[in-house]
Amino acid sequence: MELTLDQLKQYDGTDPSNPIYIAVKGRIFDVTTGKSFYGPGGSYAMFAGKDASRALAKMSKNDEDVIGSLDGLTEKEIGVLDDWEKKFEAKYPIIGSLTA
């Protein structure tokens with residue numbers, strides 16, 4: 001399955017009939033089983049339906065960081081992102097990828 005960023009927004013947890021998806025480094029994870037974290041009111045709800053790569057790398061919950069751009073990240077931040085990616089891979093199914 002391939003989704004654009006606009007299509008990914010449909011999977012932000014606000015429609016209970018849809019799963020909750022988060023993209024990390026262009027891959028889309030189904031985080032529905034973690035809806036207490038990623039669903040509405042959850043501590044990481046701002047990541048749902050978006051590419052959270054930059055925010056994860058920077059350990060940030062700021063809206064301006066919840067994007068896929070890795071431009072200007074430090075080596076340490078890239079390492080943090082890689083660690084997050086491994087955690088997502090171990091916990092959630094990959095259901096597709098982002099497309100332009």
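Reader: What pattern does the protein follow along the sequence?

Author: The order is β-α-β-β-α-α-α-β. Helices here are DSSP runs of H or I with at least four residues, strands are E runs of at least two, and numbering goes from the N terminus.

Reader: How many helices and strands is that?

Author: Four helices and four strands. This is a predicted model: local features need pLDDT of at least 70, side-chain atom pairs count only at pLDDT 80 or more, and totals for chains, interfaces and linings use all residues. Residues are numbered from 1 along each chain as its sequence is written, and side-chain values use heavy atoms, without hydrogens and water.

Reader: Which domain does UniProt list?

Author: The unreviewed UniProt entry places "Cytochrome b5 heme-binding" at residues 3-99. UniProt positions follow the numbering used here, feature names are shortened, and annotations may be inferred rather than shown by experiment.

Reader: How far apart are the end C-alpha atoms of residues 3-99?

Author: They lie 6 Å apart. The span is 32% helix and 14% strand.

Reader: Switching to packing. What share is buried?

Author: Buried residues are 38% of the 100. Buried means under 20% relative accessible area, with a 1.4 Å probe and protein chains only.

Reader: And contacts between residues 24 or more positions apart?

Author: Those account for 55% of the contacts with a separation of 6 or more. A contact is heavy atoms within 4.5 Å.

Reader: What box do the C-alpha atoms fill?

Author: Roughly 40 × 30 × 25 Å, along the principal axes.

Definitions and conventions. Buried < 20%, exposed > 50% of the residue type's maximum accessible area, 1.4 Å probe, protein only.
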